[in-house]
Amino acid sequence: MKSERSVLNAKHYQQAVNSSHYFAQKQEQQEWLNEVHQRREFELRTLQLMQNIPSKRPLFRFVGLVLLLIFTLSSIYYWQTGRYQIVQNGQQAFVEFQQQKSQESSIQRNEHYIVNLQNQLRDSPNNGELWFELGQAYALNNDFEFAHIALNNARVILDNRPAVLGVIATNDYYWHKQRLTDQAKQWITQALATDPQESASLLLLASDAFLHNDYQQAITYWEKVLDSDNPAINRSEIIRSIEMAKQLHNAKKR
């Protein structure tokens with residue numbers, strides 16, 4: 001069953017997409033749809049990152065707070081640029097969404113979790129799973145350099161596990177300002193050679209293709225993710241991404 005947060009997220013996304021007709025110029029419409037979709041993709045990648053963490057860990061409990069922070073910052077940006085005015089129908093839903101915020105920010109809770117993991121690693125320095133979780137926690141704080149160190153330790157200890165390679169490649173991608181470095185490409189190639197349906201790698205390739213307006217290639221990667229049996233995948237969100245890419249692909253051909 002979908003959570004209230006998920007319903008509100010989907011509601012805002014659809015309202016933002018529908019509001020594209022307020023723009024008179026086709027180029028403005030496409031820029032708006034691109035912007036909306038990239039925000040949605042960031043939420044999806046964050047959720048995927050969090051779902052890689054075992055549910056018994058404390059960090060899993062505040063996935064909603066992380067997504068809430070992302071959504072709030074994005075909405076502030078739309079307000080500052082004036083674009084928020086054209087989606088007035090979504091204002092009430094946004095107010096409801098804000099009311100779910102906790103007294104303690106997701107960043108603060110993530111910091112506490114990082115300290116907890118560091119303490120555990122002092123006792124178990126060769127625990128690859130802990131290093132993997134620590135790397136993801138750093139990445140959620142945008143501490144990509146520290147995330148790389150932790151994830152690389154996990155990669156070595158866990159013998160280049162495909163899921164770890166996918167996440168370290170994703171971290172490297174954002175560390176280098178959304179650019180696929182040769183090292184990241186090597187990790188992705190290695191991950192997919194072992195597991196052709198490794199979801200983090202495929203989602204990264206899809207996002208990069210979308211960023212470079214290669215919508216058909218992005219769709220191909222997303223469809224491969226849907227073909228996997230990964231229970232952590234949010235299929236409805238990926239389907240939305242595919243539909244958005246199809247719209248932009250068709251608009252590009254006109």
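At what angle do helix 7 and helix 8 pack, and how far apart are their axes? In this predicted model, helix 7 (residues 144-157) and helix 8 (residues 162-175) pack at about 160 degrees, and their axes are 10 Å apart. Because angles over 145 degrees count as roughly antiparallel, helix 7 is roughly antiparallel to helix 8. The protein chain holds 12 helices and 0 strands.

**Overall make-up**

- Along the sequence, the protein chain reads α-α-α-α-α-α-α-α-α-α-α-α.
- The protein chain has 254 residues, of which 51% count as buried.
- Among contacts in the protein chain with a separation of 6 or more, 62% come from residues 24 or more positions apart.

**Helix 7 with helix 8**

- The crossing in which helix 7 passes helix 8 is left-handed.
- On the helix 7 side, the contact is made by Phe144, Glu145, Ala147, His148, Leu151, Asn152, Ala154 and Arg155.
- Their partners in helix 8 are Val164, Leu165, Val167, Ile168, Asn171, Tyr174 and Trp175.
- Sorted by type, the residues of this contact between helix 7 and helix 8 are 10 nonpolar, 3 polar and 2 charged.

**Helix 6 with helix 7**

- Helix 6 (128-140) also packs against helix 7 at an angle of about 160 degrees, with the axes 7 Å apart.
- That angle makes helix 6 roughly antiparallel to helix 7.
- Helix 6 passes helix 7 in a left-handed crossing.
- Helix 6 contributes Gly128, Trp131, Phe132, Leu134, Gly135, Gln136, Tyr138 and Ala139 to the contact.
- Helix 7 meets them with Phe144, Phe146, Ala147, Ala150, Leu151, Asn153, Ala154 and Ile157.
- The contact of helix 6 with helix 7 contains 12 nonpolar residues, 4 polar and no charged.

**Helix 7 itself**

- The buried residues in helix 7 are Phe144, Ala147, His148, Ala150, Leu151, Ala154 and Arg155.
- Helix 6, helix 8 and helix 9 (182-194) are included in what covers these buried residues of helix 7.
- Residues three or four places apart on an α-helix point the same way, because the helix has 3.6 residues a turn.
- With 14 residues at 1.5 Å a residue, helix 7 should span 20 Å, and its end C-alpha atoms are 20 Å apart, so the two values agree.

**Helix 10**

- The buried residues of helix 10 are Ser199, Ala200, Ser201, Leu202, Leu203, Leu204, Leu205, Ala206, Ser207, Asp208, Ala209 and Phe210.
- Helix 10 (residues 199-211) should span 18 Å at 1.5 Å a residue, which agrees with the 18 Å between its end C-alpha atoms.

**Helix 11 with helix 12**

- Helix 11 (residues 215-227) and helix 12 (residues 235-253) cross at roughly 160 degrees, and their axes come within 9 Å.
- Helix 11 is therefore roughly antiparallel to helix 12.
- The crossing of helix 11 past helix 12 is left-handed.
- From helix 11, the contact uses Tyr215, Gln216, Ile219, Trp222, Glu223, Val225 and Leu226.
- From helix 12, it uses Arg235, Ile238, Ile239, Ser241, Ile242, Ala245, Lys246, Leu248, His249 and Lys252.
- The residues of the contact between helix 11 and helix 12 divide into 10 nonpolar, 3 polar and 4 charged.

Methods:
Residues numbered from 1 in each chain as written. Predicted model: local features only at pLDDT ≥ 70, side-chain atom pairs only at ≥ 80, totals over all residues. Heavy atoms only, no water. Axes fitted to C-alpha atoms, helices over the stretch in contact; angles between N-to-C directions. Helix = DSSP H or I, 4+ residues; strand = E, 2+ residues; numbered from the N terminus. Parallel < 35°, antiparallel > 145°, perpendicular 65-115°, else oblique. Left-handed = near helix turned anticlockwise from the far one by under 90°. Contact = heavy atoms within 4.5 Å. Nonpolar A, V, L, I, M, F, W, Y, C, P; charged D, E, K, R; others polar. Expected span 1.5 Å × (residues − 1). Buried < 20%, exposed > 50% of the residue type's maximum accessible area, 1.4 Å probe, protein only.
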